[in-house]
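Look at the model below before reading on. This report covers a ligand site first, then some helix pairs.

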Amino acid sequence: MKKIILVVGARPNFMKIAPLMHQLKGDTDIKPILVHTGQHYDSQMSGRFFEELGIPAPDINLEVGSASHAEQTAKIMIGFEKVCLEEKPDFVLVVGDVNSTVACTLVAAKLNIKTIHYEAGLRSHDRTMPEEINRLVTDSITDYFFTTSADADENLIKEGVDTSKIFMVGNLMIDTLEANLKKAAVSEQKFALLNRVGEVDITSLLKTGYGVMTFHRPSNVDEKETLETLVNIWSEISEKIPLVFPIHPRTMNNIKLFGLMEKMNRPNIYLIDSLGYLEFIHLVSKAKFALTDSGGIQEETTHLNIPCLTVRPNTERPVTIWEGSNKLIGVPEILPETEAIIRGEGKLGLNPKYWDGKTAERIIAIVKKI
Ligand code: UD1
């Protein structure tokens, strides 16, 4: 029997690990050990995703918490090395591009444990993004590369990776989306507002239509000037269409720190706490559009065929633009692009190959053979 450690750390990892854990339930060839690094730790960012997605409680939690990049990465490495020495796994499987991904790959590689990176080969070619550094370092030492799209394979081949180590398996996030979309329709739809007294009832917004927003990238929210410009634009858009904004703790902290809360107090901006998975995908699936800087939401909206405006200079997920409903835009284009969507001219697209809900099945079949 093969022993595999699966690593999760931050919010976007949970949707990727869930289908693998379900696929491995009762498997007689593979024994999974789930390690949570604790990079995200509270119920809002971590706990409730385990409950909603039916992920078993982690076998081990390193409880590293928030810190600078160096400190967080180092703490994960120290904790994970002990786990690997104790458990002696055959494989370590990491997902995505967060600090936990790179930290655990480094530890396993140095202990000569075979590593598998799911979501390998994605490149934004922008090294100011911490995630790009994490992707490059992880892929320079991992043994097996599981990819979500053909462009990722091409990136890896250009970097000299042997094609026999690359497996295009599709998208695990879509496994989770497919498995949960029906359940999501019955979840809670009333949420307390954070920018004024009261609550928002999503059902009542369905009549007019609404946009859903998420912003948390350091490049958009960590500097006052950029964040203030965004706040002003959100306010202008809200004159035309309601905006529902489940806010990431990083963005909330900065809005308060920069004294921008008063500007967020507009009747058509519905600022709410970050949501659980079911609530969030329900919100997105009913929206007219998404306005975001997230990575995962570009993929989810492509699968749902809902126009997505991604406010970033680049994306590591170009297939969502070439084939899907995603558009990459700069800050000055936010307003005109939103107006185009309101006029019914939003971008629609196709579902990329293997984004079909069967990726976990493919991954586990391959892991059994390697
Ligand atoms: C991390 C990932 C990013 C991913 C994002 C999704 C890295 C480098 N970044 O960024 O790729 O898109 O997760 O959320 O790995 N906080 C809480 N509760 C928590 C965790 C964090 O309130 O459970 C707050 C803390 O104030 C913390 C801040 O959020 O300082 C940022 O958290 P951090 O893990 O440093 O990075 P993210 O911005 O979430």
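## The ligand and its neighbours

A backbone N or O atom of Tyr41 sits 2.8 Å from an oxygen atom of the ligand. Keep in mind that this is a predicted model.

An N or O atom in the side chain of His216 is 2.9 Å from a ligand oxygen atom. For Asn253, a polar side-chain atom lies 3.5 Å from an oxygen atom of the ligand.

Now turn to the helices. Two packed helices are described by the angle between their axes and the distance between the axes. The table gives both values for each pair.

| Helix pair | Residues | Angle | Axis distance |
|---|---|---|---|
| α1 and α17 | 11-24 and 359-369 | roughly 60 degrees | within 9 Å |
| α4 and α5 | 99-110 and 130-141 | about 25 degrees | 9 Å |
| α7 and α13 | 172-184 and 277-285 | about 85 degrees | 9 Å |

Start with α4 and α5. Their axes pack at about 25 degrees. Angles under 35 degrees count as roughly parallel, so α4 is roughly parallel to α5. The crossing of α4 past α5 is left-handed. On the α4 side, the contact is made by Asn99, Thr101, Val102, Thr105, Leu106 and Ala109, and α5 brings Asn134, Val137, Thr138 and Ile141. By class, this contact has five nonpolar, five polar and no charged residues.

Next come α7 and α13. Their angle is about 85 degrees. The range from 65 to 115 degrees counts as roughly perpendicular, and therefore α7 and α13 are roughly perpendicular to each other. Met173, Thr176, Leu177, Asn180, Leu181, Lys183 and Ala184 of α7 make the contact with Tyr277, Leu278, Ile281, His282 and Ser285 of α13. Seven of these residues are nonpolar, four are polar and one is charged.

What about α1 and α17? Their axes cross at roughly 60 degrees, and the two helices are therefore oblique to each other. This crossing is right-handed. From α1, the contact uses Pro19, Leu20, Gln23 and Leu24; from α17, it uses Ala360, Glu361, Ile363 and Ile364. The classes here are six nonpolar, one polar and one charged.

Notes. Residues numbered from 1 in each chain as written. Predicted model: local features only at pLDDT ≥ 70, side-chain atom pairs only at ≥ 80, totals over all residues. Heavy atoms only, no water. Axes fitted to C-alpha atoms, helices over the stretch in contact; angles between N-to-C directions. Helix = DSSP H or I, 4+ residues; strand = E, 2+ residues; numbered from the N terminus. Parallel < 35°, antiparallel > 145°, perpendicular 65-115°, else oblique. Left-handed = near helix turned anticlockwise from the far one by under 90°. Contact = heavy atoms within 4.5 Å. Nonpolar A, V, L, I, M, F, W, Y, C, P; charged D, E, K, R; others polar. Polar contact = N/O pair within 3.5 Å; in protein donor to acceptor, adjacent residues only side chain to side chain.
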